[in-house]
4 protein chains.
Amino acid sequence: MIPRYTRPVMAAIWAPANRYRIWFEIEALAAEAMSLFGDVPPESARVIREKGDAALAAFSDADLARIDEIEAETRHDVIAFLTWLAEKIGPDSRFVHLGMTSSDVLDTCLAVQLAQASDLLLEDLDAVLAALKRRAFEHKHTLTIGRSHAIHAEPTSFGLKLAGHYAEFARNRERLVAARAEIATCAISGAVGTFAHVDPRAEEFVAERLGLQAEPVSTQVIPRDRHAAFFCTLAVIASGIERLAVEVRHLQRSEVREAEEFFHPGQKGSSAMPHKRNPVLSENLTGLARLVRSHAVPALENVALWHERDISHSSVERNIGPDATIGLDFALSRLAGMMEKLVVYPAQMLANLEGLGGVVHSGEVLLELARQGVSREDAYRIVQRNAMATWTNLASPEGRSFRENLDADPEIAGRVSAEALDRATDASRHLRALDTSFVRVFGEAGPAAP
Amino acid sequence: MIPRYTRPVMAAIWAPANRYRIWFEIEALAAEAMSLFGDVPPESARVIREKGDAALAAFSDADLARIDEIEAETRHDVIAFLTWLAEKIGPDSRFVHLGMTSSDVLDTCLAVQLAQASDLLLEDLDAVLAALKRRAFEHKHTLTIGRSHAIHAEPTSFGLKLAGHYAEFARNRERLVAARAEIATCAISGAVGTFAHVDPRAEEFVAERLGLQAEPVSTQVIPRDRHAAFFCTLAVIASGIERLAVEVRHLQRSEVREAEEFFHPGQKGSSAMPHKRNPVLSENLTGLARLVRSHAVPALENVALWHERDISHSSVERNIGPDATIGLDFALSRLAGMMEKLVVYPAQMLANLEGLGGVVHSGEVLLELARQGVSREDAYRIVQRNAMATWTNLASPEGRSFRENLDADPEIAGRVSAEALDRATDASRHLRALDTSFVRVFGEAGPAAP
Amino acid sequence: MIPRYTRPVMAAIWAPANRYRIWFEIEALAAEAMSLFGDVPPESARVIREKGDAALAAFSDADLARIDEIEAETRHDVIAFLTWLAEKIGPDSRFVHLGMTSSDVLDTCLAVQLAQASDLLLEDLDAVLAALKRRAFEHKHTLTIGRSHAIHAEPTSFGLKLAGHYAEFARNRERLVAARAEIATCAISGAVGTFAHVDPRAEEFVAERLGLQAEPVSTQVIPRDRHAAFFCTLAVIASGIERLAVEVRHLQRSEVREAEEFFHPGQKGSSAMPHKRNPVLSENLTGLARLVRSHAVPALENVALWHERDISHSSVERNIGPDATIGLDFALSRLAGMMEKLVVYPAQMLANLEGLGGVVHSGEVLLELARQGVSREDAYRIVQRNAMATWTNLASPEGRSFRENLDADPEIAGRVSAEALDRATDASRHLRALDTSFVRVFGEAGPAAP
Amino acid sequence: MIPRYTRPVMAAIWAPANRYRIWFEIEALAAEAMSLFGDVPPESARVIREKGDAALAAFSDADLARIDEIEAETRHDVIAFLTWLAEKIGPDSRFVHLGMTSSDVLDTCLAVQLAQASDLLLEDLDAVLAALKRRAFEHKHTLTIGRSHAIHAEPTSFGLKLAGHYAEFARNRERLVAARAEIATCAISGAVGTFAHVDPRAEEFVAERLGLQAEPVSTQVIPRDRHAAFFCTLAVIASGIERLAVEVRHLQRSEVREAEEFFHPGQKGSSAMPHKRNPVLSENLTGLARLVRSHAVPALENVALWHERDISHSSVERNIGPDATIGLDFALSRLAGMMEKLVVYPAQMLANLEGLGGVVHSGEVLLELARQGVSREDAYRIVQRNAMATWTNLASPEGRSFRENLDADPEIAGRVSAEALDRATDASRHLRALDTSFVRVFGEAGPAAP
């Protein structure tokens, strides 16, 4: 992921320093475990831990360069690291990595990194949830038009719209918790997972210390269905970001103007057109969602490794591991800020709601006719006729509102009273179940109607 | 999905008869619920239930044709169904669909269908799990070579390989249970989800009767992140099928021949080459996995519907709903049968294991040298030299086995005893942790060593 | 592809009758070719042709059932067909399929089917192009607002917008012509493409008669990069459909209403809201685009077949072959009709264009200031200030138009004359290059300004 | 793309220095063009060119930092660059970017970068083609077994296998040439593509100087179907890499060992198993292919921008532009080297070919029986029986070869002469059409049989 869309806090998880720190931790813990079961002299385990801790604490660019130098010859990254580590530790280093295979280190490290990344993403999601809840409560009673097919449907509240997004992000949070649990496993099981040269208790020891589960059966590697499920989960979350971003883009369009991204003083919307204030954050989020989503396919293709493993997954994960988590972290963080600062225009919402002359109340009038015994077919015909007449002549000077048309229709007049029409065309009826919905989503009803 | 890859039991879930049956059930339950809360006369709810039940029970091609005829005019499938239903029910039909929107019916129906499909898929997974467990136990102690990079690595057991696949399918089962819960929600909330014309208790009533949860906030529709997560889960399962299928394809290749798909009497492998017995089932499963996986992307693209909904998701789901579930059902069912009948050749497994002259024991020899105080670097160099010499001259008449080369190497001779080399090159050491792995996967150790 | 989105003319290409007709044609042509080169007795080739033609001409459901019956035993579709054919032809049938392999028939047939499908799709594209050209000429001078980021940018013409889509579909047509050429190849080369049992001239003979090219090197199969490129091309075309569909959806939204899909008499937009007229065709096209696009990934995954072939591609192609071509044919056909009948509202376009008080002319005013020697930085600041003031107070009673604000701004007044401001805020300047653009796209300028 | 898979030569194309150089070139050329048509004073155009050239020639990190600083305030990258440029050029800078919009610069620059990248990729492809041709000629007559379904089918030559891959890469080269032409267009057309403030001749001038075509109709942007087609083409090429990589991985597997990647002195295959020589390059290429392929989906999703443009494509392209081209460049370069150095084992190929006791000649024996008047059905049954008997008893001491079984079968003996069986089981017949195939692919037959 390019720096433009990278937050340092997530990038640090994927930096070499963190990776080598985790690699060492795995090796040191494994040696400590083996010292308990007799495979490694306790004194050697202690030396490994102490000298290794010191080397990692002092880790510098020179160490990086030295490891790279060794890798250039051996063409094997773990061997390069172990060789460097041996230089730091001395003779006791022969008890490092004992009976282990590279993937024991690599896959367990990836598990730790993905768990760290998940924790950060969970914080991001919490920030999004907090912003959505605050704005949902703020606008619980803000009337706005609900739209299906981008056509005015019936009134709703802007807070309820946000509550729906909150509910989706709450689901996304649950999914990420589950996905984190999926990938948080540890393998210290040797070349093909048989524990031929390592005690299974060492695996359990390392796993427990790292906050992971022991992988029930690793082959040479931790099976990649776990990672596929993880990246698919990120893709689902990204799609939720897109849904909210698209909503904001629609709301900001010139003809709607019900909400706007915050526009910074000094900001320029366009090099050529000084009047522009564009929803560039939400558009950017839409693109980032495409990127994060795109990583699901190669992650799925990674599952079917050959036999006990092939290494085709590696180049994929070296890229999508950082890219997907960094991209999603940036996007969630941007989204939270954007929603916190979103400028909302309730007056414009109301103006738009009323902009179609009241036809948005056609559904309730239809029901009222049904209540008066008119067949569904006839009622539909009558209401549709009046709604279309209203809409077609909206811009015309002699255009009449929906209510005026209804009042003038003899098929209505004889059946529905003025009071009933008043009730049917009162937008507030669409807010009456808000408490129910809010309780379902937030566990509390939120602010009472003003 | 084409008939070739369709099992009737899954196809029936997606047939019009089942859909209309569910639609009616939703409408009838909704009317019953509303009769409890005063919106529908109880007598009307009873008439709707009775006459509707009778109409659906007698549902014939003529009814299908009538609905199609109405839809050709109204261009709306739910209205067409309701009009047909009204013809069957009579005047009380005006209390059908009261205050509801089409998506209340469509989305709740889709939830029921996906839940039904999930139940079938769970049965399929159980059959796969049963077959894998039986064969894993059968071959718990069958020695075979483990391979990484398709290169012989170290010995393992064929049963352990199958146990690994079992563990993956057990995870897939858990994932599907979670995904089923995700999509099993009900919406009876009206045009934009505000319950403007319908009591939220009606939604809860219908949900409970159908075995669903009430959707916390539906817009006009049940939010599509649920479906995206569901189809992603199917994609992950499909990838697990692919992994096992690819394994079988490898095992059956002419040079390996460790296992073979069952070949039916009368079966012909090739129109031109009568000698052929091809792994066509596992190849077919590989292709089906690609198909099922391909549905994840459009499902993810469906999430970002506009405002309270647009209908772009509909054409996607009308296809991938059946295609993904039918394809996966067929694939899992085929996989279960294939694994049940897989012909396994333990003798060939052993022959292959021994085919590289014993170099597959290089790892343990390396460790033995380390135990004798040789540095990792030196030990690696010594063992690699002997292994490469063995391998390079495998086909040569004067080629020596790995053990013979080790015995002749002065750097080994002075350090490692013959007994230690015996132990290091004994394949059975790779089976010693089988019980641990089996208990982890199956909760029981399975058969003892023979 | 479900019947709902299937046109019979494309479905017929994928029907068994057409497939068996093509299979026979390949076999008959191959026998005829071989009779020229001495491998088949000419009289046998004649009998094969005559009896086979007769059998195919009389092909009935009974034949289908017979072939299915044989396949149930042999588990091989081509052998089943050949056995049925032998029953029809008699002893000369032993010269059918001589030295050929099943894939020679299957892959060459697929090439013919995809070529036939392409021809139909090219007709579809021509219909789309014709509709777009007609409407582009009709609305060449219809002023409308151009939008970037869904924010009003500068005026353009609705005809020019359509011309851009025309240009894209013209590119798509070229791409399809190229893709058609890619997949129109023939393989009659035997089990692994070595012509071990068949003369290469037979391949050339059959290819020429079928309007195909001989495949330079087939393995057992025609290489799948050709098909991957083909399905990717369909995906690109589908994305072009989506772009136009999304445009229409935007134009029809309630607050914009610049264009509308034709609404049939009797059509019902919503079961619950009689006032609705929804852009359901373009939303449907958006979904179909996702479907067609989704086939690109499995087609790409099909490329890396093992060695001379594995059959994993087959189940994929049995589905995506029909699905992608039928889906795209339906979508293009629907798109052509939709664009032909699109209801356009020029008055509303003009009203929207003027709806922001003239700020859409900010760019030209900026340039005018630059021409008067004001630095870019200063000019930007001045114009932005006036534009924002206009926009912010649009709905206010004392709100002023952009021009009024400019006139009142001392930093403008001293520098730009009223005449220059008249010119700068005249929308017609945005139409002055229409002829250039139209000539580029259509090869002709189209109608002159009215 | 991470540095591990990045070649500096491709990375340089995407570096800021190159981007700013191109941006300036576009601006300078536009100013020069406008000076020809009267919109810019010739002297100003000259100053812009001279001072700008000087500034870019001296471009340093300080300039980068200054641009970043301005962007931090304006939140607009092009404006930041133009402001920096103005600081370098002075008052004449007000004639820079005159009547243009940011996308004129951005999109034209992207076209130049993608064209540059394409040129590099074409060189890469040429290197792959050269390696494949050399090795194909080298091994034109090297007998090897052809495999379908990974089961021995019939003999072929290793050179012919490589020729098939050559043919695919030759097609990929043609596709890339076409894709390069697709994206090499220039837009200098203003805010919504109407040339409202810029002469269309300026666009043609800039296009011609940059080696591009003028875009027939740009909206605000160059339409993204061009880019989608481009990235799809890269995906198809990547899939071709995967096909060849998978072939090498199969050939190197322990039981096949027909070819091996070059193993460097000092290289270590495994940290735990010193005997390992793994096909890590081809496995890596498999993974890189997945990555490059994954960029096709977001590129396709980028097509349907809203109205005259939204900026959602931007974040996608900022990533996949470099990632896809850098990844593919690295992969092709690696592939060329790998194929140049591939170690081929003809003796092992022959041993494998003969490993199944001669059953691979079943097809020709089948044909011979047919020539003797045996029906296809009977002939198949006879040959299948003997082939299966041979194969089943391969490892048995009393196992007989296919020929021995045929000789002992009374249904064969009476019909096919020993000489005919000799001919039928002679592997060299599978090489007889090599010249034809080579001429088709390479335009020349290559070396004669030794």
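**Close-up views of a four-letter chain set****View 1. Helices α12(B) and α10(C) are oblique to each other.** The angle classes are roughly parallel under 35 degrees, roughly antiparallel over 145, roughly perpendicular from 65 to 115, and oblique for the rest. This is a predicted model, in which local features need pLDDT of at least 70, side-chain atom pairs count only at pLDDT 80 or more, and totals for chains, interfaces and linings use all residues. Residues are numbered from 1 along each chain as its sequence is written, while chains are lettered from A and ligands numbered from 1 in the order in which they are written.

The axes of α12(B) and α10(C), the latter being residues 280-294, come within 6 Å and cross at roughly 45°. Axes are lines fitted to C-alpha atoms, for helices over the stretch in contact, with angles from 0 to 180 degrees between N-to-C directions. Helices (H or I, at least four residues) and strands (E, at least two) are DSSP runs, numbered from the N terminus.

Contact here is C-beta atoms, placed from the backbone, within 7 Å. The residues of this contact divide into three nonpolar, eight polar and two charged. Nonpolar covers Ala, Val, Leu, Ile, Met, Phe, Trp, Tyr, Cys and Pro; charged covers Asp, Glu, Lys and Arg; the others, Gly among them, are polar.

**View 1. Arg309(B) sits in the loop between α11 (296-301) and α12 (312-341) of chain B.** Most residues other than glycine have a negative phi. Arg309(B), though not a glycine, has a positive phi of about 160°. It counts as buried because it has 29 C-beta neighbours inside 10 Å. The cut-offs are 20 or more other C-beta atoms within 10 Å for buried, 12 or fewer for exposed, and partly exposed in between, with C-beta atoms placed from the backbone.

Now look at chain C: Arg309(C) lies in the loop between α11 and α12 (312-341) of that chain. Phi of Arg309(C) is positive too, near 160°, and this residue is buried, with 29 other C-beta atoms within 10 Å.

**View 2. Strands β1(D) and β2(D) form a hairpin with two residues between them.** The strands, β1(D) (residues 143-148) and β2(D) (residues 151-157), run antiparallel and are joined by five bridges; pairing requires at least two bridges found by DSSP. Ser148(D) stands opposite Ile151(D), and His149(D) in the turn has a positive phi of about 60°. Five of the six residues of β1(D) are buried, so this strand is largely enclosed by the rest of the structure.

**View 3. Helices α6(D) and α7(D) are roughly antiparallel to each other.** Their axes come within 9 Å and cross at roughly 165°, and the crossing is left-handed. The contact residues divide into 18 nonpolar, four polar and four charged.

**View 4. Chain C meets chain D with 72 residues from each.** On the side of chain C, α9(C) gives the most, 13 residues. By class, that side has 34 nonpolar, 20 polar and 18 charged residues.

Methods: Contact = placed C-beta atoms within 7 Å. Left-handed = near helix turned anticlockwise from the far one by under 90°.
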